[in-house]
Amino acid sequence: MFDDSTLRLLSNWEPISSFGEEDCHAAVMTFVAAINQHLDLRAFVGDHTYNNYVPVYVYALADLTRYVQTKEEVCTNYPCLLLYFHYFTPVAALGNSSWSETLGPNGACVSRGYGALDIPDLLNFNQIQSTLMQARIRAAMAKTPYAIESPDFFGKLAPDGFEPIERSEGVPPWNRIFHLFFQFND
């Protein structure tokens, strides 16, 4: 995932804590369970096979929209808040996004599309429009070791010498703290 020179740069940083992929998955499952206890909200873990983070989509059931496409397929769009939980540090990012799925006439999933985060999409808690959603996400996060960092934190320049992998989330240049934590490796 990281080349040798990047690992050396990271080793010179002050460690946040000892944390691993299993800790991340446990925290994500705790967060998702806390959100899903509310009848009007859902949390959905997105595809993260090649990433160094786990994306979690949080949406209100009242906000989804459905429409019929060609071939009697039904498409559902889910405007949501998206959280990225980093695998190896208890740091998370929060922003606006969406995801969608298309179901065939037999109800089977035909396709899914997942939104992503980039620096302009990032939010502070107080920018979440619904105070009820703010409170529920804060309560769910409090059950995990994670902290949602601010857009200002993620917008800072990465350490000198950091060169991201060939492809990262968002628009280049990929030279910010955000790109250091959340690399897309497909």
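Histidine 179 is buried, with a relative accessible area of 1%. That counts as buried because the cut-off is under 20%. Keep in mind that this is a predicted model. Histidine 179 sits in helix α5, residues 177–181. Where does its side chain reach? The side chain of histidine 179 comes to 3.5 Å from the backbone nitrogen of asparagine 175.

Next, glycine 95. Look in strand β5, residues 91–103. Buried or exposed? Glycine 95 is buried, at 0% relative accessibility. Now its contacts, leaving aside neighbours within four places in sequence.

Last stop, helix α3. It runs over residues 131–142, so 12 residues. From first C-alpha to last, α3 reaches 16 Å, close to the 16 Å expected at 1.5 Å a residue. At its start, a side-chain oxygen of serine 130 comes to within 3.3 Å of the backbone nitrogen of leucine 132.

Which residues of α3 are buried? Met133, Gln134, Arg136, Ile137, Ala140 and Met141. An α-helix has 3.6 residues a turn, so residues three or four places apart point the same way. And what covers the buried residues of α3? The cover includes helix α2, residues 21–36. It also includes strands β1, β2, β4, β5 and β7.

That's the tour. Over to you.

Note on methods: Residues are numbered from 1 along each chain as its sequence is written. This is a predicted model: local features need pLDDT of at least 70, side-chain atom pairs count only at pLDDT 80 or more; totals for chains, interfaces and linings use all residues. Side-chain values use heavy atoms; hydrogens and water are left out. Helices (H or I, at least four residues) and strands (E, at least two) are DSSP runs, numbered from the N terminus. Buried means under 20% relative accessible area, exposed over 50%, partly exposed in between (1.4 Å probe, protein chains only). A polar contact is a pair of N or O atoms within 3.5 Å; within protein, one must be able to donate a hydrogen and the other to accept it, and residues adjacent in sequence count only if both atoms are side-chain atoms. Contact means heavy atoms within 4.5 Å. The expected span of a helix is 1.5 Å times one less than its number of residues.
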